[in-house]
Each structure stands twice: as structure tokens, then as C-alpha cells.
Amino acid sequence: MTGNNNMLVSYQLEEGIATLTITNGKVNALSHEVFAELNAALDQAEKDKAIVILAGQAGIFSGGFDLKEMQKSPQAAIDLVAVGSRLTRRLAAFPYPVIAACEGHAIAKGAFILLSSDYRIGATGAFRIGLNEVAIGMTMHHAGIEMARHRLATPYFNRCVMNAELFSPEEACQAGFLDEVQAPDSVMSRAKEVAKNMQQLNLKAFANTKVKARASYLAQLDAGIEKDLQHLM
């Protein structure tokens, strides 16, 4: 997967660490094609038994779903949300650590990817992170509510899910979207440092503990995905 300039998700393996980089236009929109390439990259990471770093572009992790695809029809929106929810569900149960290197804005589905990663590093700067669905006229989907409830700090849940507030990287740490912030040019180096530290874990024990600790959440997420397939809005 490495070295194909036409791909929307690149894959680079180095010393047991797989870096998956999304590059899809100015806002790193998440389309069916992007999700397919992310899943293919995760398949490869599993084969390589690699710790994963998920990255976007400088200034933008992801602005969320590809609105052109979402606006084709109500069914198209339901289908894309379901694909996205399954991707984030996969991250939540992925057998190797997933580190998000967020070098800029992370909005809507971009922020949900942060909520589904094991460790999240953000860049300092005039960036916004959060869930803006209600602000743009979308009723929050069931799976999204479960993702937010699972990871966000309780005082921030209503502010994020219902009030659609967006936060600076520093406050995003307090809310639960990020674990730490670094200068923009240090985000990737810090992500690699965290990945190397995680290589010291017993990764079989990590995988077993991850799904055990999240068993009830994963069940709720599965139920939410099924509800959304029946009636999203």
C-alpha cells in the first residue's frame, strides 16, 4: 500500500508501527472510498501485527463525512453513516493499539475517530474539535451518542452532543477528545514515541483486556448501528 500517490489512505510500516495517513482534499472528507481504504489498511496492519498511528494532513485531521455523498438521498446518508460507524467500532475493538495524530481540526466523524482511538495527540493552535451535527441540522445518530457517552467527560456530554459546541485542542483534552496536545511539528514524533512505548506491552494481553473492558460498550454500539440502519433521522 505504500507509495501509491492515487490512494486516499497511505500505509507506511516502520519497526512494527503502521502509519495510516488520510489525504482527501482540503477537509479530508470521509467517503465510502476513504472508509474502504482505511479498512484495507487496518487489514494490513493486523497482518503486520503493527501498532497503528492514524493521521490526517497538517491543519486538518478530518472535517467529517463527505457531504456530497450524504446529500444524494436519505438512504445514501444512512449507508455512509453505517459504514463510518462500523469503522469506528472496528477501531474500538482493534487488537493492536490505535494512536490518533490530530494535527488540526477534527469535526463530526473526524472527532468520532478520535473518540474511538486508544490514545489521541492533538496540535496546539487555532483548531476546533467537536461534534457539530445538531448545528448543521442532523439529528445525532444512535451509534454516535453511544460513542460520545463512552468517551466524553460527563460534564461535556450535553455540550457536545446536543449543543454542538466546538473546542480548542486544550479544552478538547478536558472534554475527552484528546489525551494531550503538542506543538504542530511535534505531533507525529510524539505519536511515534507513544507507539514505541506501547510496544513494551504484552499485546495479546492488551487485545484481550481491550475487548473485555469494552464488552458492554461494543454491544451498545452494535445495537446503535442496527437502530441507525432502520431509522437514522
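Visitor: Is Thr88 buried or exposed?

Guide: Bear in mind that this is a predicted model. Buried means under 20% relative accessible area. Thr88 has a relative accessible area of 0%, so Thr88 is buried.

Visitor: Which side chain joins that of Thr88 in a polar contact?

Guide: Start with the location: Thr88 lies in helix H3, residues 74-93. Leaving aside neighbours within four places in sequence, Thr88 is in contact with residues including Phe112, Ile113, Ser116 and Met147. The polar contact spans 3.1 Å between side chains. The partner of Thr88 is Lys109.

Visitor: How many residues does H3 give to the largest nonpolar core?

Guide: The largest nonpolar core has 60 residues. Leu20, Leu38, Leu114, Leu131 and Phe177 touch the most other members. The largest share of this core comes from H3, and that share is 7 residues.

Visitor: How many residues are in the second, separate core?

Guide: Among its members are Ala55, Ile99, Phe127 and Met198. This second core is separate, with 15 residues.

Visitor: Which residues that line the largest pocket are closest to its centre?

Guide: The largest pocket has a volume of about 330 Å³. Its lining counts 19 residues. The closest to the centre are Gly63, Gly64, Phe65, Asp66 and Leu67.

Visitor: How many residues in the lining of the largest pocket are charged?

Guide: Sort the lining by residue class. It holds 8 nonpolar and 7 polar residues. The charged residues number 4.

Note on methods. Residues are numbered from 1 along each chain as its sequence is written. This is a predicted model: local features need pLDDT of at least 70, side-chain atom pairs count only at pLDDT 80 or more; totals for chains, interfaces and linings use all residues. Side-chain values use heavy atoms; hydrogens and water are left out. Helices (H or I, at least four residues) and strands (E, at least two) are DSSP runs, numbered from the N terminus. Buried means under 20% relative accessible area, exposed over 50%, partly exposed in between (1.4 Å probe, protein chains only). A polar contact is a pair of N or O atoms within 3.5 Å; within protein, one must be able to donate a hydrogen and the other to accept it, and residues adjacent in sequence count only if both atoms are side-chain atoms. Contact means heavy atoms within 4.5 Å. On a 1 Å grid over the protein atoms alone, a cavity is a set of points where a 1.4 Å probe fits but cannot get out, and a pocket is an open set with protein on both sides within 12 Å along at least five of seven lines; lining residues have an atom within 4 Å of a point. Grid points are joined across faces, edges and corners, and a volume is the space filled by probe spheres set on the points. Ala, Val, Leu, Ile, Met, Phe, Trp, Tyr, Cys and Pro count as nonpolar, Asp, Glu, Lys and Arg as charged, and the others, Gly among them, as polar. A nonpolar core is a set of buried Ala, Val, Leu, Ile, Met, Phe, Trp, Tyr and Cys residues joined through side-chain atoms within 4.5 Å.
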